[in-house]
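Look over the sequence and the fold first.

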Amino acid sequence: MENDIHSTCSRLTTGGLSLPGLWDAALDCAQSERNAHTFTSLVKSGVAFPGPPPGILLGLPVSVKDLFDVAGQVTAAGSALLKGAAAATTHATGVHRLLASGARIIGRTNMSEFAFSGVGT
């Protein structure tokens, strides 16, 4: 079975996959041992599924790197120095476009501090 975005959306629209089932699988993966240090936060509860939201992404779970603003959340850029900063008041453009296309945020992903690594990437 394919697990790319196109086949996943196709299975959602044809009933071969449910949105709650997809979220459960995504949360299981995010909380697995191999992803123990991947996420800085996860949305584990409170997600309502009255039906797929409008938009091409049909409620697909997405993660947002800690470098991009999500309204109401602190953007720490992987730094302990910014953990207590004020929460963002608006979404970054890319986050806004994902949400407008029907995606739902499952969590924030970790990163090297201020997007700078010792290997220059």
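A residue is called buried under 20% relative accessible area, exposed over 50%, and partly exposed in between, with a 1.4 Å probe and protein chains only. By that scale V62 is buried, because its relative accessibility is 18%. This is a predicted model, in which local features need pLDDT of at least 70, side-chain atom pairs count only at pLDDT 80 or more, and totals for chains, interfaces and linings use all residues. Residues are numbered from 1 along each chain as its sequence is written, and side-chain values use heavy atoms, without hydrogens and water.

**Sheet layout**

- Helices (H or I, at least four residues) and strands (E, at least two) are DSSP runs, numbered from the N terminus.
- Two strands pair if DSSP finds at least two bridges between them.
- The order β1-β3-β2 describes an open sheet of 3 strands with mixed pairing.
- β1 and β2 are the edge strands, each pairing on one side only.
- On average, neighbouring strands of this sheet are turned by 35° against each other, direction ignored.
- Axes here are lines fitted to C-alpha atoms, for helices over the stretch in contact, and angles run from 0 to 180 degrees between N-to-C directions.
- Strands of a sheet pair through backbone hydrogen bonds, either parallel or antiparallel.

**Strand pairs**

- β1 and β3 (residues 104-109) run antiparallel and are joined by 3 bridges.
- Within this pair, F39 stands opposite T109 of β3.
- α2 packs on the sheet and touches β1, β2 and β3, and its direction makes about 5° with that of β3.
- β2 and β3 run parallel, with 5 bridges between them.
- P61 has R104 in β3 as its bridge partner.
- From β2 the chain crosses through helix α3 (residues 93-100) to β3, in a right-handed β-α-β crossover.
- Right-handed means that, with the strands pointing away from the viewer, the path from the first strand over the helix to the second runs clockwise.

**V62 and strand β2**

- V62 belongs to strand β2, residues 61-65.
- Contact means heavy atoms within 4.5 Å.
- Neighbours within four places in sequence aside, V62 is in contact with L98, A103, R104, I105, I106 and G107.
- V62 and I106 are 44 residues apart along the chain, yet their C-alpha atoms are separated by 5.6 Å.

**Nonpolar core**

- A nonpolar core is a set of buried Ala, Val, Leu, Ile, Met, Phe, Trp, Tyr and Cys residues joined through side-chain atoms within 4.5 Å.
- The largest such core has 18 residues, of which L12, L22, L60, V95 and I105 touch the most other members.
- α1 (5-14), α2, β2 and β3 are the elements that give two or more residues to this core.
- α2 gives the most, with 4 residues.
- V95 is in contact with V64, F68, D69, V70 and I105, leaving aside its neighbours within four places in sequence.

**Cysteines and N35**

- With a disulfide taken as a pair of cysteine sulfur atoms within 2.5 Å, the count is 0.
- C9 is buried, because its relative accessibility is 13%.
- C29 is at 32% relative accessibility, so C29 counts as partly exposed.
- N35 sits in the loop between α2 (19-30) and β1 (39-42).
- N35 has 16% relative accessibility and therefore counts as buried.
- Its neighbours within four places in sequence aside, N35 is in contact with C29 and A30.
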